[in-house]
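Visitor: Please take me through one part of this model in close detail. I would like to follow a single sheet and what surrounds it.

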Amino acid sequence: MAALGIDIGGSSVKVALHDGAVIQTARSASYQRPDRETLASAIGDAIGSLDAPNDPSIRVGLCLPGRHDEAGSAIECSFNLPCLEGWAFGALLRSALGFDPARWRVVSDVHAATIDIVRSKGLDGRVAVIAIGTGVGLGVCEQGQMCSIGSRGIGHLGQVDVGRLGDEDQVAPSGAINTLESYIGLPALRARHGADDEQELMRFIASLPAEDPTMRALVAGLRVVHAIYVPDTIVLAGGVGLAMEGSGGAIHARVSDGLTTLANPDWSLRFADSLYHAASGAAMLALD
């Protein structure tokens, strides 16, 4: 049975089609703060690059950023994609697909990415996945089961206050001051570097020295994760996370230096190997 995963990110849409043992992936063109029509078109264009059946029987997994409303039928608040606010999930899928899928499921991007990374890499123990893109999300999985706080996830790592790490406070669009996301989120890095070219921006991120405020903020965030969740493995994912792989040794050393003794001293730092973990995980979860 075929399943389609749709990961609506703050700057592009990524899709994955699972059809038996075959997995196809595709990505839309980049956008910034799109309206609904532009976003629906981006979803449709990405799906159009796949050999996806135009059939309501296909199962769909949907990831999108923001806080759900009480009914769980729409996004109530999305800092990075305001056009999603109040847009019923069913209506969104109808606009993008051109039909109403018979079965669909909404999951957070970091939940889907965590499940896909843990399964594809065969990771054991407690695994913390930190997805760094437009926002910064956290998923923690232990022995194949996602950890949560009651009925809610634990994904808002990007809103942790890491303090002033440069000459001035960093103020997020929401008004929050010195959040982790305001240092390492893609919009903050793009504004700082002053470039829209994605490849150039990724090279800039890869070149950041250990003392840079962005890297210091990341280290602070990882130390918070260690203190609260005590993971055996931390995986950095998302476009920004993947760009930092070359600095993995330095990041691990700085996080470990003076780290709380409650943390696992033998923890390992790993990196995702794809931008499509959330889309692929969403398709996988739609089949569950």
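**The sheet and its surroundings**

Guide: Strand β9 (residues 136–142) pairs with β10 in the antiparallel sense, over two bridges. Strands here are DSSP E runs of at least two residues, helices are H or I runs of at least four, and both are numbered from the N terminus. Two strands count as paired if DSSP finds at least two bridges between them. In β10, Met146 is the bridge partner of Cys141.

This is a predicted model: local features need pLDDT of at least 70, side-chain atom pairs count only at pLDDT 80 or more, and totals for chains, interfaces and linings use all residues. Residues are numbered from 1 along each chain as its sequence is written, and side-chain values use heavy atoms, with hydrogens and water left out.

Now the whole sheet. It is open, has five strands and mixed pairing, and runs in the order β10-β9-β8-β11-β12. β10 and β12 (268–271) stand at the edges with a single partner strand each, so one side of each has no neighbour in the sheet. Helix α3 (residues 109–121) packs on the sheet. Helix α3 touches β8 (126–132), β9, β10, β11 and β12; contact means heavy atoms within 4.5 Å. The direction of α3 makes about 45° with that of β9. Axes are lines fitted to C-alpha atoms, for helices over the stretch in contact, and angles run from 0 to 180 degrees between N-to-C directions.

Next, a loop residue. Asn178 lies in the loop between β10 (145–146) and α4 (180–184). Asn178 is not a glycine, yet has a positive phi of about 60°. Asn178 is buried, at 5% relative accessible area; buried means under 20% (1.4 Å probe, protein chains only).

Terms used:
Buried means under 20% relative accessible area, exposed over 50%, partly exposed in between (1.4 Å probe, protein chains only).
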